[in-house]
2 protein chains.
Amino acid sequence: MADIGAALAEIVGDVLTGADIAADYGHDESLGGRAVTPAFVVRPRTADEVAAVLKLATAEGVPVTARGSGSGLSGAATPRADGILVSFERMNQVLEIDTENHVAVVQPGVTLQELDARTAEHGLVYPVYPGELSASLGGNVATNAGGMRAVKYGVTRHHVLGLQAVLATGEVLRTGGKFVKASTGYDLTQLIVGSEGTLALVTEATLKLQPRIRHSATVLAPFHDLTEVVSAVPKVVGSGLAPLILEYIDGMTMGAITYTADLQLGIPDEVRDRSQAYLVVMLENRDEQRLEADTVAAGELLSELGAIDVYVLPGGSARKLIEAREKAFYTAKNAGADDVIDTVLPRAALPAFMAEVTAIAQANETFVIGCGHAGDGNVHLAVFQKDAEKRATVLRALFAAAMALGGAISGEHGVGHAKKAYFLELEDPAKVDLMRRVKQAFDPAGVLNPGVLLDPDAEGQ
Amino acid sequence: MADIGAALAEIVGDVLTGADIAADYGHDESLGGRAVTPAFVVRPRTADEVAAVLKLATAEGVPVTARGSGSGLSGAATPRADGILVSFERMNQVLEIDTENHVAVVQPGVTLQELDARTAEHGLVYPVYPGELSASLGGNVATNAGGMRAVKYGVTRHHVLGLQAVLATGEVLRTGGKFVKASTGYDLTQLIVGSEGTLALVTEATLKLQPRIRHSATVLAPFHDLTEVVSAVPKVVGSGLAPLILEYIDGMTMGAITYTADLQLGIPDEVRDRSQAYLVVMLENRDEQRLEADTVAAGELLSELGAIDVYVLPGGSARKLIEAREKAFYTAKNAGADDVIDTVLPRAALPAFMAEVTAIAQANETFVIGCGHAGDGNVHLAVFQKDAEKRATVLRALFAAAMALGGAISGEHGVGHAKKAYFLELEDPAKVDLMRRVKQAFDPAGVLNPGVLLDPDAEGQ
């Protein structure tokens, strides 16, 4: 190991080991995950340094885990005790905002906050808002991060046009480019997006930008129950109003996040008492008058669709509600949630799924609340159950129910360590085998993030 | 071979051989491609039949080529003389138009025309219009077909949410689903899209639909030259007008397609004489008044950006112009074009590329004209050069120029047989090797569409 440390130091200059490794490097934000101190932390400055580190790792059979900001929720950035953690904190430059092609070229350590500030200067926006502005673009690419605006703009995958990526064997590849389409060989870009650090390390990403639209309005509509909310969603999407945000929040979660944020939404008690589910609709338009007309139209549509009432939130309250919704994970965490999941379903299957959730929760004496991206069918649930075995039973049942309804385990958090056991148990074995062969094609020595996603290795559990 | 024929007949019922194989099965629409009569044509009715055919092919080492409508432009559906052609003509059902989730589930033999008619009944649309309505969805998935509306809606890749696909070894997989995002393992859907029949045969596709927007308007703007047109494009995109179509047409091509279509656009001779390039902007809006206002705004913007004049085309002329543009390939073919290419570039690199095109054409005494998806940087060029060696020199130089400017060989036609030699010569060998390893992970016996894309086999040349 000392030899490896010396070889790493020769590549990257300084290597952290032992007590010099800050506790933060050992974990991400996943609930119930282990913290692991890696053997080495390296902070490369260039793709060539990353390539040299990976070449060494493959030659020596040393595991490598990549880390952006560590804000992930599946443990995919948790290092191995015998491994190298590659932290991208020094590769944090916005290399280019290209206003002709409407793309940004960024290093993996750039945060969403930094990119948002830089694009704003040019009237452009990178429209993926997973809700944690300190998150890094490299991490977003690795988990295919989503967020509330996906109903209009899609998720990370839909905005990554090209990558510079380093294979485990040290080759530095460029995939894609500053164009939205190509039919020139397999789409390696899309294969690497969402691969949770198991196929390649991303050292640069070319991201599609959109015109930044200045005017937005937020409508909050309490409904009697979630079934009504969910039935309304296809009609709102089909109306052509093209909402930027279309979120459902259950009554319990609404109470928790508004209480935590000390947020007054002006909803009378008698409405609140009758409402078990809320729909939040945010619209945007480059023209203020059109926005106003659309907001009226959305309100009328929501009323027709059964909303108890419709509230157009003033800018300040709207911003605070969205922020509070973005922080729902932390609210759940602070309230003592033992795990969070983010299953994705055909959106029309949400009522059936939520009925299953209620039944599973009751059968296992477990408390489950949530909110979600209703337009995308992406349900975020907080699971309160201290008993690990019972909790595993609940999670397995929830995932199995989602998959039986045509869904998948994770919409945007990823599988990582946290959901791996369920993924390997519930997924079609032929698909898992194929993914393992693809992994082998990229990383023959199996050094990239072992224990994650496909690897049954017990250390990952 | 007789044994294989009998085994195939047992699987699919009837097998075509020898003189019973119609000439159409031997080729697609690529210029200069060979026509090859396959040993067998099978027309399966189910995924299980496809699986049994592929299992047999892998066991016996027999090549398999898939065919939709045969409207491809790269020869990827050209069969092998010793191989099986799997024609999807009997798997041509729209299985579902799901109005709650806004998706269509189709078999691979469904044509774009059929899908358009079926979605229209529900006020929905599959917005990928590659310009050939007889094309099949299976073929569109295999080549990642694009077309004029990609500037607003993206290409096939952006609308394929899930697949049923059969591996060469006979496993039937389901990837993705009726949701727009997931972070649950590698994105096999996106890997199979655009793989030109070399990784798996698609037996079902789940496609994202959009609300069908009723009102559209078309603005035609003649400019002095292409550089002006291309400089205008980012500004039109950045304006937030969200054009549905943003096409450039060079003067020569405009002359050819309007002449062929007997189309009067009402452009005075003195404007036409000064104009070497046209920009076609189509807008759509669910509201007629807004469309009118946007059309006026687009006209003003184009004038500011240097348009010699701006013409709002009446509905009939607009439709005819777009149809004529869609048929530009056939116009070029009928005019005697010897090859067509569809390089994709960063759109801001179009003027530099077009300058290179002119220089390459002149240096090689070759006539090159074109048009393209200006918003996407996708340039369609018709190359008139009878001498095969000289033509190859021109094509190699054009592709090399595009790649040097950050582009790729094909935006939407694919590599197939037609562009394989250039792809293998010009692409990064480390990337080609990685793609070959991925191919091996899917198709260990190498029976799926050998000679195409990655395979240096001379039969594919």
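Buried area is the accessible area that two parts lose on being put together, summed over both. In this predicted model, chain A and chain B bury about 6200 Å² between them. The two chains are superposed by a rotation of 180 degrees, and chain A is divided by the domain assignment into domain 1, domain 2, domain 3 and domain 4.

**The interface of chain A and chain B**

- The contact between the chains involves 78 residues of chain A and 78 residues of chain B.
- Of the area that chain A and chain B bury between them, 59% lies on carbon and sulfur atoms.
- On the side of chain A, the residues that lose the most area to chain B are A:Lys181, A:Ser183 and A:Tyr186, which together account for 15% of what that side buries.
- The interface of chain A and chain B holds 10 salt bridges.
- A salt bridge joins the side chains of A:Arg286 and B:Asp294, with a distance of 2.8 Å from N to O.
- Polar contacts across the interface of chain A and chain B number 37 residue pairs, with both residues at pLDDT 80 or more.
- Five elements of chain A give two or more residues to the side that touches chain B: strand S9 (172-176), helix H6 (188-192), helix H7 (226-238), helix H10 (288-304) and helix H16 (429-442).
- H16(A) provides the largest share of that side of chain A, with 9 residues.
- Sorted by class, the side of chain A that touches chain B comprises 33 nonpolar, 27 polar and 18 charged residues.

**Relation of the two copies**

- Chain A is superposed on chain B by a rotation of 180 degrees with 0.0 Å of shift along the axis, and the RMSD is 0.0 Å.
- The two copies are therefore related as by a two-fold rotation axis.
- Both copies use the same surface, since 100% of the contact residues of chain A recur in chain B.

**Domains of chain A**

- The domain assignment places domain 1 at residues 2-89, domain 2 at 94-211, domain 3 at 215-320 and domain 4 at 330-426 of chain A.
- The centres of domain 1 and domain 2 of chain A, taken over C-alpha atoms, are separated by 22 Å.
- In chain A, 17 residues of domain 1 are in contact with 19 residues of domain 2.
- Domain 1 and domain 2 of chain A bury about 1300 Å² between them, and carbon and sulfur atoms give 67% of this area.
- Between domain 1 and domain 2 of chain A there are 0 salt bridges, while 3 residue pairs are in polar contact, both residues being at pLDDT 80 or more.
- Helix H2 (47-60) and strand S3 (64-67) of chain A are the elements that give two or more residues to the side of domain 1 that touches domain 2.
- H2(A) supplies the largest share of that side of domain 1, namely 7 residues.
- The residues on that side of domain 1 of chain A divide into 9 nonpolar, 5 polar and 3 charged.

**Salt bridges in the whole structure**

- Over all chains, the whole structure has 46 salt bridges.
- In one of chain A, the side chains of A:Arg396 and A:Glu425 meet at 2.8 Å, N to O.
- This pair links distant parts of the chain, 29 residues apart, with A:Arg396 in helix H14 (residues 388-404) and A:Glu425 in helix H15 (residues 420-426) of chain A.

Definitions and conventions. Residues numbered from 1 in each chain as written. Chains lettered and ligands numbered in written order. Predicted model: local features only at pLDDT ≥ 70, side-chain atom pairs only at ≥ 80, totals over all residues. Heavy atoms only, no water. Contact = heavy atoms within 4.5 Å. Buried area = accessible area lost by both parts, 1.4 Å probe. Salt bridge = Lys/Arg side-chain N within 4 Å of Asp/Glu carboxyl O. Polar contact = N/O pair within 3.5 Å; in protein donor to acceptor, adjacent residues only side chain to side chain. Helix = DSSP H or I, 4+ residues; strand = E, 2+ residues; numbered from the N terminus. Nonpolar A, V, L, I, M, F, W, Y, C, P; charged D, E, K, R; others polar. Domains from an automatic or database assignment. Least-squares fit on C-alpha atoms with pLDDT ≥ 70 in both.
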